[in-house]
Amino acid sequence: MGSPQHRPSPVHDQIVPSKRTRVRRKPDRGHYDRETIYRILDQAVFGHVGLVADGLPDVTPMVIARRGDELLLHGSAHSRLIRLLATGCDLCVAVTHVDGLIVSRSLFDSSLNYRSVAVFGQARPLTTPGDKLDALRAIVEHVLPGRWGEARPPSDRELRATAVVSVPLAEASAKVRSGPPQDSKADLGLGVWAGELPLRVMALPPVADPLLADEIPVPVSVTRSGFGRPTQGNPPALNHLLRQGGQRQ
Ligand SMILES: Cc1cc2nc3c(=O)[nH]c(=O)nc-3n(C[C@H](O)[C@H](O)[C@H](O)COP(=O)(O)OP(=O)(O)OC[C@H]3O[C@@H](n4cnc5c(N)ncnc54)[C@H](O)[C@@H]3O)c2cc1C
């Protein structure tokens, strides 16, 4: 899914790898250019936020949205997690897309095709109502572009009940695996099927709220949501399947 906040970045715009973000295991799969990292972030609705709470590891899924060179997270102002984040503690956000199951001739070489990002840093709370409103707009527009203008905006009370934090995209890495199985030469002659089972997140036809008045049409943000659309990034076989799905509807 694309985000309207996407800031096209030149390919050479690299985030300098730090000691902890340099990919050591399969380093050829590591990427540090903002274009790759931002594309992966922009296609994700959520990530997993990791931190140490009371000396123990803690990982929680949260909606994410990139705005320029920052990642926005939000939650209830009373949430334990968001209050911890607002202290400026060290955190890591992991974002993952699984693109396919790699079915290899050997179980050892079985794998996944994926695109993932790890972001490290500290969050900064957004405190003024204006900053919070702008950030919430960016989050809503990231998840469902166009929705901000369709739904009722947050009231002052709702804005006070919502906390928003910003994480700078200054220390981050991407790791990407694509392509067919990589079986060892010795296994290539085995009579065992090998290949990829592509996987995608796709929207199904929208389901109206049972309490919705009949005359209200499905809004543009929903009909035009980017989920499951054939894109240049999809393999031809998937585009074919998506077209078939579209014809059935
Ligand atoms: C969906 C999915 C499932 C996976 N399943 C497994 C599994 O079952 N077993 C397994 O061993 N590995 C799995 N991996 C790969 C795993 O994410 C690590 O890359 C791998 O285990 C090497 O870890 P490491 O700490 O030794 O890497 P290192 O190369 O030592 O990590 C150093 C730094 O590289 C960066 N980095 C490493 N991995 C990633 C990543 N995936 N995305 C972004 N940045 C990264 C981080 O900044 C990290 O701090 C999976 C990956 C994905 C996306």
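## T162 and its surroundings

Trainee: Which residues does T162 touch, leaving out those up to four places away in sequence?
Mentor: T162 touches H74, S76, A77, K132, L136 and P154 once residues up to four places away in sequence are left out. Please keep in mind as we go that this is a predicted model.

Trainee: OK, and where is T162 found?
Mentor: T162 is found in strand β9, which covers residues 162-168.

Trainee: How far is T162 from K132, going by C-alpha atoms?
Mentor: Their C-alpha atoms are separated by 8.4 Å, although T162 and K132 are 30 residues apart along the chain.

Trainee: What sheet is β9 in?
Mentor: β9 belongs to an open sheet of four strands, which has the order β4-β5-β9-β8 and antiparallel pairing. The edge strands are β4 (65-67) and β8 (124-126), each of which pairs on one side only, and the twist from one strand to the next averages 35 degrees.

Trainee: How many bridges join β4 to β5?
Mentor: Three bridges join β4 to β5, the strand of residues 70-76, and the two run antiparallel; within this pair, R66 has L71 in β5 as its bridge partner.

Trainee: Switching to the core, which residues touch the most other members?
Mentor: In the largest nonpolar core, which has 36 residues, L41, L71, L73, V117 and V165 touch the most other members. Helix α3 (residues 129-143) supplies the largest share of this core, namely five residues.

Trainee: And what does L73 touch?
Mentor: Again not counting residues up to four places away in sequence, L73 touches V49, M62, I64, L85, A123, V165 and V167.

Trainee: What about the ligand, which residues come nearest?
Mentor: There are 15 residues around the ligand, of which T21, R24, R25, S116 and K175 come nearest. The elements that give two or more residues to this shell are β6, β7 and β10, and β7 gives the most, with five residues. By class, the shell has seven nonpolar, four polar and four charged residues.

Trainee: How do β6 and β7 pair?
Mentor: β6 (residues 90-103) and β7 (residues 111-122) pair in the antiparallel sense over 12 bridges, and in this pair I102 stands opposite S111 in β7.

Trainee: How many bridges join β7 to β10?
Mentor: Seven bridges join β7 to β10 (residues 171-177), and these strands also run antiparallel, with S173 in β10 as the bridge partner of A118.

Trainee: What is the phi of D54?
Mentor: Phi of D54 is near 50 degrees, again positive in a residue other than glycine, and D54 sits in the loop between β2 (46-53) and β3 (56-63).

Trainee: Are K26 and D54 buried or exposed?
Mentor: K26 is exposed, with 9 other C-beta atoms within 10 Å, and D54 is exposed as well, with 6.

Trainee: Last one, how many helices and strands are there in the protein chain?
Mentor: The protein chain has six helices and 11 strands, and of its 249 residues 23% count as buried.

Key: Residues numbered from 1 in each chain as written. Predicted model: local features only at pLDDT ≥ 70, side-chain atom pairs only at ≥ 80, totals over all residues. Pairing = 2+ DSSP bridges. Near = placed C-beta within 6 Å. Nonpolar A, V, L, I, M, F, W, Y, C, P; charged D, E, K, R; others polar. Buried ≥ 20, exposed ≤ 12 C-beta atoms within 10 Å, placed from the backbone. Axes fitted to C-alpha atoms, helices over the stretch in contact; angles between N-to-C directions. Contact = placed C-beta atoms within 7 Å. Core = buried A, V, L, I, M, F, W, Y, C linked by C-beta atoms within 7 Å.
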